[in-house]
Amino acid sequence: QAKQSNLPMFLITLSAELANEEKPPEVRRLAGIIIKNSLDSKTAVTQNELSQVWLQMDTQVKGQIKHNVTLSLASPVAQARHT
């Protein structure tokens with residue numbers, strides 16, 4: 001429901017969970033998978049729709065999500081880095 005009602009805040013919250021070193025690896029991995037599934041699709045039509053949603057999102061929101069996801073790449077926890 002949060003995804004439908006406020007996708008930007010949903011993605012910011014998930015990206016913060018992914019970047020949070022204090023969270024269990026399973027939680028971080030799940031957050032990364034949900035982010036990916038919220039922005040990516042195997043079908044061209046759905047992918048186009050998701051791309052448009054991303055492009056229309058506020059620049060500051062996208063920046064915060066990118067920042068949090070980038071932080072996870074430096075994590076010492078492999079599950080968080082490889083999600």
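Modeller: Buried means under 20% relative accessible area. This is a predicted model.

Biologist: Why is methionine 57 called buried?

Modeller: The relative accessible area of methionine 57 is 8%. The cut-off is under 20%. Therefore methionine 57 counts as buried.

Biologist: Where is methionine 57, and which residues are in contact with methionine 57?

Modeller: Methionine 57 sits in the loop between helix H4 (44–56) and H5. Neighbours within four places in sequence aside, methionine 57 is in contact with Leu7, Pro8, Leu11, Lys62 and Ile65.

Biologist: Lys62 is on that list. What makes lysine 62 a residue with no salt bridge?

Modeller: Lysine 62 lies in helix H5 (residues 59–73) and is buried. The nearest side chain of opposite charge is aspartate 58, 8.7 Å away. A salt bridge needs a nitrogen and an oxygen within 4 Å. So lysine 62 has none. With neighbours within four places in sequence left aside, lysine 62 is in contact with Trp54, Leu55 and Met57.

Biologist: Why does asparagine 68 count as buried?

Modeller: Asparagine 68 has 7% relative accessibility. The limit is under 20%, so asparagine 68 counts as buried. This residue, asparagine 68, also lies in helix H5. Beyond neighbours within four places in sequence, asparagine 68 is in contact with Ile12, Ser15, Ala16 and Ala19.

Biologist: How many salt bridges does a search of the whole structure find?

Modeller: The search finds two.

Biologist: How do you know that lysine 23 forms a salt bridge with glutamate 17?

Modeller: Their closest N and O atoms are 3.6 Å apart. The cut-off is within 4 Å, so the pair qualifies as a salt bridge.

Biologist: Why is lysine 23 called partly exposed?

Modeller: Lysine 23 has a relative accessible area of 32%. Partly exposed lies between the buried limit, under 20%, and the exposed limit, over 50%. So lysine 23 is partly exposed. Glutamate 17, at 23%, is partly exposed too.

Biologist: What makes glutamate 21 and arginine 28 a salt bridge?

Modeller: The closest N and O atoms of glutamate 21 and arginine 28 are 3.2 Å apart. That meets the limit of within 4 Å, so they form a salt bridge. Glutamate 21 is partly exposed at 41%, whereas arginine 28 is buried at 0%.

Biologist: At what angle do helix H2 and helix H3 pack?

Modeller: Helix H2 (residues 7–19) and helix H3 (residues 25–39) pack at about 145°, with axes 8 Å apart. Their crossing is left-handed. By class, the contact of H2 with H3 has 10 nonpolar, three polar and two charged residues.

Conventions
Residues numbered from 1 in each chain as written. Predicted model: local features only at pLDDT ≥ 70, side-chain atom pairs only at ≥ 80, totals over all residues. Heavy atoms only, no water. Helix = DSSP H or I, 4+ residues; strand = E, 2+ residues; numbered from the N terminus. Buried < 20%, exposed > 50% of the residue type's maximum accessible area, 1.4 Å probe, protein only. Lys, Arg positive; Asp, Glu negative; His and termini not counted. Contact = heavy atoms within 4.5 Å. Axes fitted to C-alpha atoms, helices over the stretch in contact; angles between N-to-C directions. Left-handed = near helix turned anticlockwise from the far one by under 90°. Nonpolar A, V, L, I, M, F, W, Y, C, P; charged D, E, K, R; others polar.
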